[in-house]
Amino acid sequence: MELKAPPADKANNRFAFKVLACAFVGIHVPLIGMLVYLYSVPGIPSTLRILFGILVLTLAAAGVTLLVLNRMMRPIQTGNKAIHAYIASWQLQPMPKHTNDELGVLFQQVEYLMFVLQKTVSERNRILDMAITSNEDFQESIRQFVLAREDAFISDDPSKMRAALEEALQTVQAKIQTATHILHTFEQPAPHAAAN
């Protein structure tokens with residue numbers, strides 16, 4: 001799965017307008033409802049009727065506002081569950097990104113960060129596996145070097161002693177070069193960090 005970092009300026013500030021619309025409904029429905037009631041009823045209604053009407057309209061507006069807010073919060077709850085599932089299992093979880101508002105862009109960025117973290121952890125594990133294998137190979141090379149040295153000292157032929165020692169030395173040098181390369185990979189910055 002290859003993802004690209006979403007641009008930071010992609011959000012179009014629609015979430016603020018959604019919240020404003022929700023607040024507008026919650027505040028203005030009782031007021032507008034009361035005005036409609038006062039103009040539609042002949043004569044002047046009693047204070048108790050007016051208060052009761054305001055109470056009913058306020059409760060209705062609060063219910064509608066609560067329903068709208070719950071619907072607006074659904075992507076946040078889904079994203080929260082996806083993040084908790086990722087933390088628990090280290091398996092990438094899809095984030096809700098069906099909107100282009102601030103929440104949609106935020107979830108795209110969180111999903112991208114989860115992807116980058118997953119790639120980084122996988123790369124680190126791969127390098128550590130290489131280091132462990134290289135370390136085991138290095139230990140085996142040292143053991144062979146010691147054995148070759150012992151064989152070389154036992155041999156009476158100086159050219160055979162020299163050839164055995166040179167071969168063992170080349171093997172050890174190759175293992176040191178591999179270990180050095182592995183260490184340098186830890187020192188290099190990540191490709192996406194160098195691009196910024």
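## Second largest pocket

The lining of the second largest pocket comprises, by class, five nonpolar, two polar and three charged residues. The model is predicted. The pocket holds about 190 Å³ of space. Its lining consists of Phe15, Lys18, Val68, Arg71, Met72, Pro75, His98, Thr99, Asp101 and Leu103. Two elements, helix 1 and helix 2, each give two or more residues to this lining. Helix 2 contributes the most, with four residues.

## Packing of helix 1 and helix 2

Two packed helices are described by the angle between their axes and the distance between the axes. Here, helix 1 spans residues 14-40 and helix 2 spans residues 47-89; their axes come within 9 Å and cross at roughly 160 degrees. Angles over 145 degrees count as roughly antiparallel, so helix 1 is roughly antiparallel to helix 2. The crossing of the two helices is right-handed.

## Contact residues

On the helix 1 side, the contact is made by Phe15, Lys18, Val19, Cys22, Val25, Gly26, Val29, Pro30, Gly33, Met34, Tyr37 and Leu38. These meet Arg49, Ile50, Gly53, Ile54, Leu57, Thr58, Ala61, Val64, Thr65, Val68, Leu69 and Met72 in helix 2. By class, the contact has 17 nonpolar, five polar and two charged residues.

Some residues belong to both descriptions. Phe15 and Lys18 of helix 1 take part in the helix contact and also line the second largest pocket. On helix 2, Val68 and Met72 are among the residues that meet helix 1, and Val68 and Met72 also line the second largest pocket.

Definitions and conventions. Residues numbered from 1 in each chain as written. Predicted model: local features only at pLDDT ≥ 70, side-chain atom pairs only at ≥ 80, totals over all residues. Heavy atoms only, no water. Axes fitted to C-alpha atoms, helices over the stretch in contact; angles between N-to-C directions. Parallel < 35°, antiparallel > 145°, perpendicular 65-115°, else oblique. Left-handed = near helix turned anticlockwise from the far one by under 90°. Contact = heavy atoms within 4.5 Å. Nonpolar A, V, L, I, M, F, W, Y, C, P; charged D, E, K, R; others polar. 1 Å grid on protein atoms, 1.4 Å probe; cavity = no way out; pocket = protein on both sides within 12 Å on 5 of 7 lines; lining within 4 Å. Points joined across faces, edges and corners; volume = space filled by probe spheres on them.
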